[in-house]
Amino acid sequence: MGRGDTIRRMPLWLKFFSGGAVLFLLFLLFVPVAEFSDPYSTVIEGKGGKLLGAHIADDGQWRFPAPDSIPAAFENALLTFEDRHFYAHPGVNPVSLFNAFRANINAGEVVRGGSTITMQVVRLSRKGKPRTYGEKLIEIVLAFRLELAKSKREILTMYVAHAPFGGNVVGLEAASWRYFRRPPHELSVAENAMLAVLPNAPAAIHPSRNRNSLQQKRNRLLAAEMNREFISEENFLMALEEPLPLSPEPLPNLTEVLSGRLSVVFPGQKVQTMIDPNLQYEVNSILSRNLQSLEANEIHNLAAVIMDVSTGGIIAYAGNICTPQPEHSPHVDMVVAARSTGSILKPFLYCAMLDDGRLLPDMLVADVPANFSGYTPKNYSETYLGALPAWQALSRSLNVPAVGMLSDYGVGRFYNLMEKAGISTFTYPASHYGLSLILGGAEASLMEISALYCNMARQLNGDSRSWQRIAPEVMPVNSTYDSPFSKAAIYCTFDAMKRVNRPGAEAGWEHFAGSGKIAWKTGTSFGFRDAWAVGVTTKYVVGLWAGNADGEGRPGLTGTSAAAPVMFDLFNLLPESRDFQIPYEEMVEIPLCAQSGHQISRFCTDTIWRMVPENGLKTTACPYHKIIHLDFDTLYRVNSACYPVSDMVAVSWFELPPVQSYYYRRNHAEYHAMPPWRSGCNSDEEKKPLSFVYPPDNREIYLPKRLDGTNSRLILEAAHQNTEETIYWYLDDQYLGATNLFHTMECYPEKGEHRITILDGSGNSEMVNIKIHHRRKRNYN
C-alpha cells in the first residue's frame, strides 16, 4: 500500500487537522521571534564573580546582562511556582489556560493568567501590553514561535534576565544583590523562594509593601518544594524562620571610578576582573583614612593599584579616593591619567645603563653642578656629593647623576626604550623633552608605571620574558615583544631600590628602613604637583599616586612624605614575600676597584669582588688611580728632572677631577689631595689643580634688576685640589677678594661681557668669559 493510499484512507477531520498544523507551522515561520532591546547595566565583577560595582542602564533600571547559568535552587523554586511543566509543553499549557479561563469567569475578573514561562517572556518583550483575551491570543502565537527558535534553557535565561523584581530592579542577578547583597548561587532556600514569587506581582507585593502577603506566598512555595522533594523537611522548617529583607540595598560600589570608566568602554556588558573584593575594601579604607591627614595640606586625591606579580593582574584598583565635591574631580580616573613622572623613571635608566655595559652598581658617578648644553639640573637638597656609587645615586634619587646618565645613554634611545617597555603617554618626540625626560619632563600613568615594575618582577622570578600590558578592562594581556632588560640588570636595579636613602629635606625615609624585601621608588614632580611611590616584591606591586586632580601643587607634596607612607600601609595588607633570587646564569663575579667601583686597573690597590651583569665586562678600568712619585719622606711630588730616581717612592694615588674632588672631600675624610710639588719640580704635564664650578665658560646669565635699580649679585664658585690653598678672584681687572677652604665669591656685574679670573698661590690660573643680561623684577602687589 503506497503513501497516497494511506492519505486517502485518513479520516477527513485528521486531514483537516494535519493540514491546519502544517499551515500553522508555516505561518509561525513568518512571525517575528520575541526579542529584547533593553539596555543593560555595566557590571564589574571581581575574583570569584563577586560584584565590585555596576553602572545603571540608560533607561534607569538595574538590569544586569543575561547570566551564564541559572542556579538549580532558583530554577526549582521558579518552575514550582510559575510553570511546573515548562520542559514538557510547546510554549503553551492548555490545561493551565482552561483553568485560568474558568477561574476568571467565575470571579468576574482576571484572577489568574495561565501563562507559561514562555508566554511571560513574550509579554515582557512586548512592554506592558494590556492583559486582554486578544493580547493573550497573540502571546500564545508568539510563544509557539519562540519555542521553535530558542531552546528551553535560552527561554528560561531570557525570563531570568528580564523579569521584574520591584522598583527599578530587573532580573535575578540584580535582585539577588539588591535584596541580599550576594550572588544568586549563594542564596538560601528561603531567599530563592522569595525571589521566585516576586515577579508574579512586584508592584503589589514587595519587601517594603504587603510583607505579610509576600511571606505567605514564599512559605506556600517552600511547602510545595518540600512536597516535590526539592528540599528536605528540615530545610523547609529552617527556611520558614528566615525573615524577609526590609528593602532593596544599595549595590556594592567598591570601584566607583573604574565602574564609571568601564561603563563607557564596555556599555551594557559584564566585565570580569581579577580584583579581590575583600582586599579592595581594605585598600579603600586605608586610602580614605590617609586622605584625611593629607587634606590638612589641601591634597585632595589619592589613587592606587595592587598587582599580582605571578599573573600580572590587578587585584586592587582605587581610581580616585577623594571627597565628592566637583572641584576635586571625583570621577576622573587618576590611575590611567597621564601625570608628570618626577623621578619615577630613574630605575629604568639605571637598568638600561647596566645592560648597555656603561655602568656598574658600585661605579662612581659625578654629582657636581653641571651644565648640559644649557640645561642645569639641581638635586632636591641643592647640595652635591662630588661623586658616589651609581646604586647610591639611584637610592638617593639624585637628579644630577641621573641627567648625566641620560646624557651618556641618549635621550632618543631611552625614549624609544620606554615606549617599547609599555609607556604610551609620551605625546611629543624625544627632542621636545630633552634631558628633562628623566626628571618628570614627560608624563605617564600609574597603571603603566606599575605594570612596568610588575613585568620586571615577573621576569626576574622566571615566570616569563614576554612582557604583558594591561587591557582597558584591567586584565593582563600578553604583548608581542620581549623584555627590554636582562634579569641581571633588573636584579641589580631592585637591589639598589631596596636600599633607599632620603636624607635632608626628604626626612622620614628611615621610617621605612625595615621594608626589607620591598624594592621601592618615589617621585615628585616639578612644583609639587604629583607624589609617586611604587614598591615591588616577588609577589606584589603596589603603586600609589597622591596630589590634586586639577594639577594644583602643594608644599610638602613629595613622594616620600605623601605617597610612600600610604604605599607601605597597603603593603601591610599583603602576605610577606620572599626575596628576589640572584640570576647567576646572567651574572659574572669580577674584581672591582674598592674606591672607584670600576673594573680594577693595574694601579688600584684595594680590590672587592662583586656579582655584576655580564655586560659589565664592557665597562672601563678605573681611571682615577695613577702612579705618582714622592720624595723619600713622601711629603712632596718629584720627578727625575729634580730628584734622584733611586730615592723616589712610587705610590698609587686616587684622584678625582677637581670639581668632583672639591665636593667629595667634604664627605670623605679619608680622601686626600695629592701632595704639592717639591720646589723646582713642577710638571707642565700636570692638570691644573683649580677649576671653576660656576659659571661655566661662555655662559649667558640673566640677573634680575632690583626694584631700586641696583644690580643683583652673582655667586661664583671654584674648586682646588689642595684644601689649604688660597684662591684670588678678579672680575675683569678688578680684584674681588680671596677665599680659603670654601671657594665662593659674590659680585655685582654690570650688563655686558665680562672675564672672571682665579689664581692660586702657586701661580695656577683659570679664566671664564660670561655675558650678563639684566631683567627688571615686576611688582605683583
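This is a predicted model: local features need pLDDT of at least 70, side-chain atom pairs count only at pLDDT 80 or more; totals for chains, interfaces and linings use all residues.
Is the crossing of α8 and α9 right-handed or left-handed? The crossing of these two helices is right-handed.

## The chain as a whole

The protein chain contains 22 helices and 28 strands. It has 781 residues, of which 52% count as buried. Among contacts between residues at least 6 apart in sequence, 66% join residues at least 24 apart.

Two packed helices are described by the angle between their axes and the distance between the axes. Helix α8 covers residues 172-180 and helix α9 covers residues 189-197; their axes come within 11 Å and cross at roughly 125 degrees. That angle makes α8 oblique to α9. On the α8 side the contact is made by L172, A175, S176, Y179 and F180, and on the α9 side by E191, M194 and L195. Sorted by class, the contact of α8 with α9 has six nonpolar residues, one polar and one charged.

Helix α9 also packs against helix α10, which spans residues 211-227; the axes of this pair come within 9 Å and cross at roughly 115 degrees. The crossing of α9 with α10 is right-handed. Here V189, A190, A193, M194, A196 and V197 of α9 meet L214, K217, R218, L221, L222 and E225 of α10. The residues of this contact divide into nine nonpolar, no polar and three charged. M194 of α9 is listed in the contact with α8 and in the contact with α10.

| Helix pair | Axes come within | Crossing angle |
|---|---|---|
| α8 and α9 | 11 Å | roughly 125 degrees |
| α9 and α10 | 9 Å | roughly 115 degrees |

## Two covered helices

How many of the eleven residues of helix α16 are buried? Eight of the eleven are, so α16, made of residues 399-409, is largely enclosed by the rest of the structure. The buried residues of α16 are N399, V400, P401, A402, V403, M405, L406 and Y409. After α16 comes G410, whose phi is positive, near 110 degrees.

Helix α7, residues 152-162, is mostly covered as well, with nine of its eleven residues buried. In α7 the buried residues are K152, I155, L156, T157, M158, Y159, V160, A161 and H162.

## Two buried residues

T493 is found in helix α20, which runs over residues 487-497. With a relative accessible area of 0%, T493 is buried. A polar atom of the T493 side chain lies 2.8 Å from the backbone oxygen of A489. Apart from its neighbours within four places in sequence, T493 is in contact with P347, Y350, C351, L354 and L394.

C454 is placed in helix α19, residues 446-461. Its relative accessibility is 2%, so C454 counts as buried, the cut-off being under 20%. Leaving aside neighbours within four places in sequence, C454 is in contact with M307, D308, V309, G312 and V541. C454 and K539 are 85 residues apart in sequence, and their C-alpha atoms are 9.1 Å apart in space.

## Backbone details in loops

Most residues other than glycine have a negative phi, and most peptide bonds are trans. Where is there a cis peptide bond? A cis peptide bond joins Y694 and P695, with omega about 5 degrees. P695 is found in the loop between β21 (690-694) and β22 (699-705).

N698 lies in the loop between β21 and β22 too. Phi of N698 is positive, near 60 degrees, although the residue is not a glycine. N698 is exposed, with a relative accessible area of 61%.

E229 is another residue other than glycine with a positive phi, in this case about 65 degrees. E229 sits in the loop between α10 and α11 (233-240). Is E229 buried or exposed? With a relative accessible area of 71%, E229 is exposed.

Methods
Residues are numbered from 1 along each chain as its sequence is written. Side-chain values use heavy atoms; hydrogens and water are left out. Helices (H or I, at least four residues) and strands (E, at least two) are DSSP runs, numbered from the N terminus. Buried means under 20% relative accessible area, exposed over 50%, partly exposed in between (1.4 Å probe, protein chains only). A polar contact is a pair of N or O atoms within 3.5 Å; within protein, one must be able to donate a hydrogen and the other to accept it, and residues adjacent in sequence count only if both atoms are side-chain atoms. Contact means heavy atoms within 4.5 Å. Axes are lines fitted to C-alpha atoms, for helices over the stretch in contact, and angles run from 0 to 180 degrees between N-to-C directions. Angles under 35 degrees count as roughly parallel, over 145 as roughly antiparallel, 65 to 115 as roughly perpendicular and the rest as oblique. A crossing is left-handed if the near helix is turned anticlockwise from the far one by less than a right angle, and right-handed if clockwise. Ala, Val, Leu, Ile, Met, Phe, Trp, Tyr, Cys and Pro count as nonpolar, Asp, Glu, Lys and Arg as charged, and the others, Gly among them, as polar.
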